[in-house]
Number of protein chains: 2
Amino acid sequence: MTQVRKKDYPVESVGSLMSTHFVAVPDYYTVGEAIQLLRRQAMDTQSKYYVYVVDDRLHLKGVVPLRYLLSAADERKLVEIMTPKVISISAEADREEVARLMREYDIVAVPVVDGGGALVGVINADDVLDIVEEETREDFHKMASVGLMTTGLREASVRLLFQKRVSWLLVLVFVNIFSGAAIAAFEETIEAVVALVFFLPLLIDSGGNAGSQAATLVVRALATGDVKLRDWSRLLGKEIVVAGLLGLTMGLAVLLLGFYRAGPEVAAVVALTMLLVVVVGSLIGISLPLILSRFRLDPATASAPLVTSVADVCGVVIYFSIATWYLGLW
Amino acid sequence: MTQVRKKDYPVESVGSLMSTHFVAVPDYYTVGEAIQLLRRQAMDTQSKYYVYVVDDRLHLKGVVPLRYLLSAADERKLVEIMTPKVISISAEADREEVARLMREYDIVAVPVVDGGGALVGVINADDVLDIVEEETREDFHKMASVGLMTTGLREASVRLLFQKRVSWLLVLVFVNIFSGAAIAAFEETIEAVVALVFFLPLLIDSGGNAGSQAATLVVRALATGDVKLRDWSRLLGKEIVVAGLLGLTMGLAVLLLGFYRAGPEVAAVVALTMLLVVVVGSLIGISLPLILSRFRLDPATASAPLVTSVADVCGVVIYFSIATWYLGLW
């Protein structure tokens, strides 16, 4: 057993999370010698699910699950029974990376190596569970434009809840002022055809909804590592096709609705707007998290309300521009 | 070691997830006998981090971590070194419960008992990681009104993405029709004061945003077990206070904006509406997940877009009702 001093690693790194209590056994040991060594150890080490086999420079040569060690004959060499290809992780890696490794390889502990390849610690699944829960909660709250909250909802004070929610709501008011300004610019159009206002909530909501769907899919996929930044063009290409199909479907649906409620001219304007706002909203939703991620900002900040508010401004401009243009043709 | 036949447990239960390979040792064994027994076993058992001590009816008496067993003297009795209070879980319990136990007690394996208290299996942390990730993704997607997707975003086909998104978007169109109908009912008011339309996106978005914040906090708190159904009245009481403060702050912010843009009358209407829509939106956001949960439906179905759309309808009615009433006083 070796205990290495835990260095000062960055806050969200693997190094800051790892335990420095682990079992490392020299590679020339036999099974019997390893068990003797283990049994002589005090009980203060946290986790001995695996015995790590190392050379004299503490480089990881292999791993032996404790249960394999116990069932092997005393005289066998460790190098004969060990699994030589060890999954390990750098102490500098992001801690979310560990959860990914454990899920992918179904292992409950991952050895941690430093820049030189020497074994310096181990990370256990129970610690990772805490992280996964914590990071997921962060992402969830950000997606709803709630500030970072480490307290549970039940214990959170009124003051804390107010503070965490008010700033984002006010930011979104600011974004929405542009929607108001856009509408003001089209005052004449609205006065001419008040029926256009009936469809305003429907159109801007649909763009925002399509956008927040797209944003959530991307934010989650980035968080779990399913999608990387280099997939941008591929994702964008696919999203244009998906959003186009969604827009066409939605456009057809509101064409009937518009025709029934306000006649053929308004129906045409509404349907065309729907197609465009769904496509534009979806592209905003898919791009915003990727842009944030590109500039090393947290993609989850591209929250559903933010995407919705930005998509709203675009929706208003698209809607009344088309209407004004179409009105000129009437 | 005992192997029990895995019964047919419900799909999302602990029983369906557990491994039936575990190590159970009679309670009259010594450490030496237990190690002998372990070493005679074949290596086909999946996880032996813990040795479970049982009586002759397979009732769990205690647990000995494998590492403690190894460091104890041969002649000691298992009952002397075991931890007598064992954390266990019922095979009928929901599988999310296991993640909760592991996080709370920092353990990597939880023994599973049947209705009669007999040990029937064990659940390991690596299996739980898969579940946590899966259930979190489900909740994320539902919160954005995307259908259940088990495929990663990168691999998902255009057809799958379209299918998972279109149905919810169309449902939300349906909800939004009520917003349109509400606006149509107030056509005269709008014709009298077109400036009211400038503030429409701002007001309905703010209600929706406050609501989706509240909904996300509740959905996540329900998923992690931080909040139970019986906390409803307490949560609702706290939310009324928080939402009231948020509404006042937002109302003051738009009072200035409204005054500058459309004069004192519209400003008063807009500010009063803002206060009310933020409170109403928040109460919808906090209640919808709890109501769904009460009827044993998935609270995450109370997605941000759904909450937003429902809050929008309320917002439109509140806004134009206040405006019409206020217009009569002008």
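I will call two residues in contact if their C-beta atoms, placed from the backbone, lie within 7 Å. This is a predicted model, in which local features need pLDDT of at least 70 and side-chain atom pairs count only at pLDDT 80 or more, while totals for chains, interfaces and linings use all residues. Residues are numbered from 1 along each chain as its sequence is written, and chains are lettered from A and ligands numbered from 1 in the order in which they are written.

On that basis, 94 residues of chain A are in contact with 95 residues of chain B. The side of chain B that touches chain A has 56 nonpolar, 20 polar and 19 charged residues, where Ala, Val, Leu, Ile, Met, Phe, Trp, Tyr, Cys and Pro count as nonpolar, Asp, Glu, Lys and Arg as charged, and the others, Gly among them, as polar.

How are the two copies related? Superposed by least squares on the C-alpha atoms of residues with pLDDT of at least 70 in both, chain B can be laid on chain A with an RMSD of 0.1 Å by a turn of 180° and a shift of 0.0 Å along the axis. That is the relation of a two-fold axis, and the same surface serves both copies, since 99% of the contact residues of chain B recur in chain A.

Finally, the domains: chain A is divided into domain 1 (2-131) and domain 2 (171-329), with bounds that come from an automatic or database domain assignment, and the C-alpha centres of these two domains of chain A lie 51 Å apart.
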